[in-house]
Each structure stands twice: as C-alpha cells, then as structure tokens.
Amino acid sequence: MERYVLIGLRGSGKSAIGRRMAEKLQIPLYDTDALIEKRAGQSIPEIFSDLGEEVFRQMEREAIASLPDGPAVIATGGGAVMDPHNAQTLRRKAHIILLTADEEILHSRIQGSSRPALTHLSDLDEIRHLAGVRMPEFRGLADLCIDTGSLRVDEAAARIIHLNGMRRRNPELFAETLAAINQDTPDNLINCPLIFGITGNPVSHSRSPHLYNALFTEYAIPGRYLYLPAKTAEDAIRIMRGLGAKGLSVTIPFKEMMISCIDEPDEDALAIGAVNTVLSCDGRLYGHNTDWIGIREPIRDLRGGDALVVGAGGAAAAAVYALQSLEMDVTISNRTEKRGEVLAERFGCRSALLSSSINADLIVNATPVGMKERDNSPVPSELLKPDTTIFDLVYTPPMTSLLREAEAAGCRIIQGTEMFIHQARAQFTILTGIDPGIDRIREVLS
Ligand code: NAP
C-alpha cells in the first residue's frame, strides 16, 4: 500500500518530508493547504482574514474528499484530521504517519511563517494549546509516530519508507510472545500494521474483539484485535511491547495496577486511580479511563441533585467521578464500611450505611450483585421512588432483580449495557482516532 498520510502540528515537517517521500517513491504529492490555495486563488492567510476559519474548514473538507485514490503522499494541514469526515476519508487504504517534535523545535521552525494564528495566544502557547487538543486525536489515528526533532528531512522520509508505515517489530520476540500467550492468531500477523487487544484475567468472555474487528473492516483500518490474557498488568505491557501492539483495552483485575505501568496517565485516569485504555506512540505509553464516560453519557441529561453509589471498588470510583462532573452530591454506601469511607474521603463526598433514609435522585449499583440469577436487589426497596433513576452497572444479565424492581416501582432504569456501549465508543475513538458513533456500536454489539 503506497499511500501515506502525514499528520502533525504545524512545523512538524509534513510538507517538506512529504515532498521528499513523493520524489523518492515517484508518486504524487498532495499538500491539502496548497490544494486549497490553488482552488481558492488566495493564500491561506487571505482565506482566514477574508472568509474566516469556518469557510477554510469547508474548503479543506472538499479538497480532502476530492483526493484521487491510489498511491500518493498526502501532507495535511494541522487541523484537518480533527474533522471526523476527513479522518475517515484519509484513513481508508492508507498508512497514517504522525510527525512530532519538541515544542521549542516546532516554535523555531514556524518563525517567519505566514500561516495565520488560530488563537490569540503567543506562538509557543498556541503550540502548547494545540498539542493538548490535537495530539490525543493524532496519536489515535497514527499507524506510526516519528520524532522529526533530530532528523533531517531526507532521514525522516527514508525512515517512513523503510518501515512502510509499520511499527518496528523484532521477529524472534514477536514469535516468542505469541507462543507464550498461546492464542489462535491470524496468519501473517507480524505484517499487520496495527495490533490491538484486550488484556485482563480472564478475557475470553469479552465481546471487544468482535466489535473492533467488525469496525476495522468497516473503516478500512489495517488492524487486528486479539485476546491477550496476562498474569499481571506488567505482563500485559510486556506482551504489548513484544507484539509491537498499538493499543490495549484493560479489564479486571489490572485496571488499578496499570496506572503505574504507564508513562502518561491522563487526568481522568489519575483522579479515578485506574486505566482501562493504553495507547502506544513512539515507544511511550498513554493511559486513559473511559469507564467514567460510559457512566456519564447515559445520564448526561441529569445535573445536580443527590446521588447514591452502592459499592466502593473501581467501577464505583469511576461512577463518583462521573457524577461529580455532573455536579451531583454523592453518597457512597459499601458493604465494607471502611472502604466506602476511604473512597468518600478521596472524592470529598459522604459515606453512609445503606438505609431507607438516604435521599437519592439517582442510584448507581457498582457491585457485582445481580450477576447471579439468585441475587437479590442490593438496594432497599424504599429507595425506589417513581422520580428516581436507577443505573445498574451489571451488564450480564442486562436485566437484574434491581432493575426489575425499579421498573415495577415506576423508576427510570438504565442497564449496564449502556455503560459498556458508551465506554466502548470512547475507547475506540482514543485507540483509532475514528468515532463510529453510538448507534453503530449498538448495532454491532446487538
Ligand atoms: P471491585 O473493584 O471488585 O468492587 C466490587 C464492589 O462490590 C466492592 O465495593 C464490594 O464490596 C462490593 N460487593 C461485592 N460483592 C458484594 C455483595 N455480595 N454485597 C454487597 N457488596 C458487594 O469491582 P468493580 O471493578 O468495581 O466492578 C463492580 C461491578 O461493576 C462489576 O461486577 C460489574 O458488574 C460492573 N461493571 C460494569 C461495567 C460495564 O461496562 N457495564 C464495567 C465495569 C464494571 P466490599 O468492599 O465489601 O468487598
């Protein structure tokens, strides 16, 4: 596949490296900013000042949609792939290469550039701001990340062509790692540009491989998603590195331990104390938590009010974080009181014994009670009032005795499958840079 899309912040070398790659490979170069200027008959600064950024983004969308198929090097404007349509179009049948460099290097490279500023910040602060907003998206999309800071244009171009858009893999270590996890794996996996997997213990029940592999086909993402059972979080990272994998979904019991294996956990993961998504870019590991998003999204119409979280484990921590982001006043009730108090102290909320005197507009069950057929509801029936919302995080089975009782009492009920679907959408977007939308996730999983 000789189609390369270069993405990165301004000054990362996309145009110069793209030009050199196109010369070496003798294939066309499409520089999206140059295409827009040619079509508009105006320079980018003129388009920004005469017509504004929104019109520029529309022109950019049209230019990208009209790119011919087939071999090419495509150098994109810094913000191009932030548009989901552009990301999906560029992703198809192409290697996506992220070019990076230190902020100071980017700053020195853009001195004297006529490109318009996107904010009112100083150049260096704008670089920092755009890095914060755009780099997570860029890392998700990238098949390969190249730090151009210490490379000449020629060297960077040669490296990308030599790797053919692939991550570097050591064949012996790759074979050894695969043998150790003893999984059924597709033939020729070593030549697969992108490897992902779910790790935890156990993992064989997970539906994530089905979801991811179906979406990879749909969006022409050159990837495979595998079951990657491991003994510990450290072991999971060894497997990830041995396979040259790009990303991991992390399930119990590794989410809490995973945080200490990661180079850059994000602020949500740090606050919750758990990582359920690991992304590798240029050898560095980035950690995220999408469980709290899975809890917040189905109830984002609720704001303020009193909430009760039953349980004090990892899912409860994600729930408290999500509910506090919706400005709710949270009380935690846990079977082991002390553990509930410790969690409440961490989040600056209340803990209380589970009783019929607790006031709650929303109740979240964050215990496994309900997974077994004979399990009774973990919530006293007096708390199930018609204006209460009950969210049971248990998703197997989707209908639990708590939800049945709540439905009979006239409460609004939310099934644990909703959390799974919303967290999966957020995780897929982090790991691939493509947002499939909630309806598509729901369809594939149904
Ligand atoms: P965890 O860290 O092991 O915590 C389990 C919590 O449940 C603890 O607070 C524990 O209390 C409490 N608990 C366990 N058995 C109980 C019982 N018989 N009666 C009362 N309390 C009990 O587990 P987790 O990772 O937080 O996960 C909790 C549940 O959330 C899972 O079982 C799963 O059903 C659900 N979950 C759903 C999703 C989703 O996508 N829908 C994702 C993650 C988790 P003690 O402190 O007293 O032991």
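Colleague: Which residues line the largest cavity?

Modeller: In this predicted model, the lining of the largest cavity is made up of I332, S333, N334, E337, E341, S351 and A352.

Colleague: And which secondary structure elements supply at least two residues of that lining?

Modeller: Strand 13, spanning 329-333, and helix 16, spanning 337-347, each contribute at least two residues to the lining of the largest cavity; by class, that lining consists of two nonpolar, three polar and two charged residues.

Colleague: How much space lies in the largest cavity?

Modeller: The largest cavity holds about 40 Å³ of space, and a search of the whole structure turns up one cavity of 30 Å³ or more.

Colleague: Switching to the ligand, which residues come nearest?

Modeller: There are 21 residues around the ligand, and of these A312, A315, N334, T336 and R339 come nearest; N334 is also one of the residues lining the largest cavity.

Colleague: What about polar side-chain atoms and the oxygen atoms of the ligand?

Modeller: A polar side-chain atom of T336 sits 2.5 Å from an oxygen atom of the ligand, while for R339 a side-chain N or O atom is 2.8 Å from a ligand oxygen, and for R335 the corresponding distance is 3.0 Å. On its own the ligand has 930 Å² of accessible area, of which the protein covers 75%.

Colleague: Which helix gives the largest share of the shell around the ligand?

Modeller: Helix 18 does, with three residues; this helix, 416-432, and helix 15, 314-325, each supply at least two residues of the shell, which by class has 12 nonpolar, seven polar and two charged residues.

Key
Residues numbered from 1 in each chain as written. Predicted model: local features only at pLDDT ≥ 70, side-chain atom pairs only at ≥ 80, totals over all residues. Heavy atoms only, no water. 1 Å grid on protein atoms, 1.4 Å probe; cavity = no way out; pocket = protein on both sides within 12 Å on 5 of 7 lines; lining within 4 Å. Points joined across faces, edges and corners; volume = space filled by probe spheres on them. Helix = DSSP H or I, 4+ residues; strand = E, 2+ residues; numbered from the N terminus. Nonpolar A, V, L, I, M, F, W, Y, C, P; charged D, E, K, R; others polar. Near = heavy atom within 4 Å. Polar contact = N/O pair within 3.5 Å; in protein donor to acceptor, adjacent residues only side chain to side chain. Areas by Shrake-Rupley, 256 points an atom, 1.4 Å probe, with all protein chains shown as cover.
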